[in-house]
Amino acid sequence: FCHHCGWAGAIRNEPIGHNTRTEMSYRPPERPKAVRPKPPQPDTRRGAWERLVEWTRQQRGIDEETLKRNGVIPAQTCLRPVKVGDKVEYPKVDAVAFPYYKRGELVNTKYRGIAEKQFRMEKDAERSLYLIDNLAAPNVDEAIIVEGEYDALAIEMAGYRNVVSVPDGAPSPNTKQYASKFAFLDDDYVVAIFEKMKRIIIAVDDDEPGKRLAEELATRFGKARCFNVDWGDGLKDANDTLRAAGIEYLR
């Protein structure tokens with residue numbers, strides 16, 4: 001029995017005359033049922049949407065149409081509790097809310113701070129690939145996998161809707177139980193979608209965590225149908241490429 005992932009099973013040999021029969025038993029891990037989150041609440045202060053659109057355009061090169069199409073909204077939320085003396089406070093900060101949908105249903109929301117690079121996802125909600133429903137259409141047989149929400153939106157800006165992002169970026173290469181960080185790929189819906197893909201383009205960050213992530217994904221999906229992206233000298237990822245080199249180069 002594995003206390004980390006919940007796998008349980010046994011292998012035993014049973015003698016039958018002059019032969020031996022090997023039998024295996026297996027009990028899959030019992031995963032807690034994910035909580036369905038409430039829809040993210042938009043920041044209703046005057047000009048909040050306009051400020052988000054302008055900031056995203058200037059800092060990320062993403063336009064308003066792409067934000068609207070994917071339900072990205074401004075939000076005020078607590079990303080990290082702060083201990084003040086003996087008390088714990090939950091300060092709200094300006095953030096971007098990225099809703100995660102699967103089968104058309106909201107399964108999670110990721111919040112990213114605007115002033116600081118801090119993240120939060122809904123407690124006990126399902127981890128899934130960002131924009132996974134993009135790949136569910138019958139005529140889609142090629143997938144692009146990136147490492148963050150802004151990278152996925154950048155790929156969309158270049159004209160490719162068949163893009164998804166891993167939910168938590170690339171784990172550190174030294175992370176214990178590294179393989180367990182990819183449980184979101186074992187979902188039946190996700191497995192069925194990737195079974196029909198003829199080509200999978202792994203377009204993650206050009207750094208050590210990204211390279212390890214690319215290797216892990218290629219191993220899981222089969223290296224014969226996986227391709228890595230070379231962003232070019234001095235470029236790190238899809239969003240960096242969009243900002244530095246433009247849509248045509250990214251395309």
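D205 is buried, with a relative accessible area of 10%; buried means under 20% relative accessible area, exposed over 50%, and partly exposed in between (1.4 Å probe, protein chains only). This is a predicted model, in which local features need pLDDT of at least 70 and side-chain atom pairs count only at pLDDT 80 or more, while totals for chains, interfaces and linings use all residues. Residues are numbered from 1 along each chain as its sequence is written, and side-chain values use heavy atoms, with hydrogens and water left out. Helices (H or I, at least four residues) and strands (E, at least two) are DSSP runs, numbered from the N terminus.

**Salt bridges**

- The structure holds 20 salt bridges, a salt bridge being a side-chain nitrogen of Lys or Arg within 4 Å of a carboxyl oxygen of Asp or Glu.
- Side chains of opposite charge can pair when their charged atoms come close.
- D205 forms a salt bridge with K236, and their closest N and O atoms are 3.9 Å apart.
- This pair links distant parts of the chain, since K236 belongs to the loop between β12 (226-228) and α6 and D205 to the loop between β11 and α5, 31 residues apart.
- K236 counts as partly exposed, at 37% relative accessibility, whereas D205 is buried.
- R45 and D94 also meet through their side chains in a salt bridge (2.6 Å, N to O).
- R45 lies in the loop between β2 (19-27) and α1, and D94 in strand β6, so this pair ties together parts that are 49 residues apart in sequence.
- R45 is partly exposed at 37% relative accessibility, and D94 is partly exposed at 36%.
- Another salt bridge joins the side chains of R69 and E65 (3.7 Å, N to O).
- R69 and E65 are four residues apart in helix α2 (residues 64-69), and about one helical turn therefore separates them.
- R69 counts as partly exposed at 32% relative accessibility, while E65 counts as exposed at 55%.

**Helix α4**

- Helix α4 (residues 188-195) has the buried residues Y189, V190, I193 and F194.
- Seen down the axis of α4, these buried residues fall within an arc of 120°, so they line one face of the helix; the arc is that of the directions from the helix axis to the C-beta atoms.
- D188 and E195 are exposed on the other side of α4.
- The cover over the buried residues of α4 includes β6 (93-102), β9 (142-146), β10 (163-165), β11 (199-202) and α5 (208-221).

**Nonpolar cores**

- A nonpolar core is a set of buried Ala, Val, Leu, Ile, Met, Phe, Trp, Tyr and Cys residues joined through side-chain atoms within 4.5 Å.
- The largest nonpolar core has 29 residues, and I62, Y130 and L250 have the most contacts inside it.
- At least two residues of this core come from each of α1, β6, β9, α3 (149-157) and α6 (238-245).
- Helix α3 gives the most to this core, with six residues.
- Another core, of 27 residues, lies apart from it and has I132, V190, M197 and A214 among its members.

- Contact means heavy atoms within 4.5 Å.
- T56 has its place in helix α1 (residues 48-60) and is buried, with a relative accessible area of 0%.
- Leaving aside neighbours within four places in sequence, T56 is in contact with G61, I62, L67 and Y150.
- F221 is found in helix α5 and counts as buried at 12% relative accessibility.
- Not counting residues up to four places away in sequence, F221 touches I145, L185, F194, I200 and C226.
- The C-alpha atoms of F221 and T175 are separated by 21 Å, and these residues are 46 apart along the chain.

**Cysteines**

- A disulfide is a covalent bond between the sulfur atoms of two cysteines.
- A search of the whole structure finds zero disulfides, a disulfide being a pair of cysteine sulfur atoms within 2.5 Å.
- C78 counts as buried at 16% relative accessibility, and C226 is buried with a relative accessible area of 12%.
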